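Subject: Structure handover, aromatic contacts

Dear colleague,

Here is the structure for your files. My notes on its aromatic rings follow below.

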Amino acid sequence: QLQLVESGGGLVQSGGSLRLSCAASGRTESTARVGWFRQAPGKDREFVADISWGEGITSYADSVKGRFTISRDNAKTMVYLQMSSLRPEDTAVYYCAHKTFGTTVYNFWGQGTQVTVSS
């Protein structure tokens, strides 16, 4: 099993920055990709960014390109989401998720961390 815990959320003014962290424990050796998703009130959960666990290849939603950066540590236990130039529309609960080899969907999820951007 895999356990994921997000941290780093909070309240920030528009234009500000936050760094989210996702700590993984358990069987991370089966992880293929790690992603960040978000869900705003009344909206569906949406993809934000992800990174391949081995090569570190990243991808981003168009809405965050150039503002957010996903990264992982060399020990492959932490994944970060550096968020800059934050906007009120970035307000959401942010979730970390792992996709294991052999699956087509993200199958392990954290509990989420709230990010609120004030205008």
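A search of the whole structure finds four aromatic pairs; rings of Phe, Tyr and Trp (its six-membered ring) pair if their centres lie within 6.5 Å, with planes under 30 degrees apart counted as stacked, over 60 as edge-to-face and the rest as tilted. One of them joins Phe 37 and Phe 47, with ring centres 5.7 Å apart and planes at 75 degrees, so this pair is edge-to-face. Phe 37 lies in strand S4 (residues 31-39) and Phe 47 in strand S5 (residues 46-52), so the pair ties together parts 10 residues apart in sequence. Strands here are DSSP runs (E, at least two residues), numbered from the N terminus.

This is a predicted model: local features need pLDDT of at least 70 and side-chain atom pairs count only at pLDDT 80 or more, while totals for chains, interfaces and linings use all residues. Residues are numbered from 1 along each chain as its sequence is written, and side-chain values use heavy atoms, with hydrogens and water left out.

Phe 37 is buried, at 11% relative accessible area, and Phe 47 is partly exposed, at 29% (buried is under 20%, exposed over 50%, partly exposed in between; 1.4 Å probe, protein chains only).

The rings of Phe 37 and Tyr 106 also pair edge-to-face, with centres 5.0 Å apart and planes at 75 degrees. Tyr 106 sits in the loop between strand S9 (92-100) and strand S10 (108-109), 69 residues from Phe 37. Tyr 106 is buried, at 13%. Phe 37, Phe 47, Tyr 106 and Trp 109 form one aromatic cluster.

Regards

How values were computed:
Helix = DSSP H or I, 4+ residues; strand = E, 2+ residues; numbered from the N terminus.
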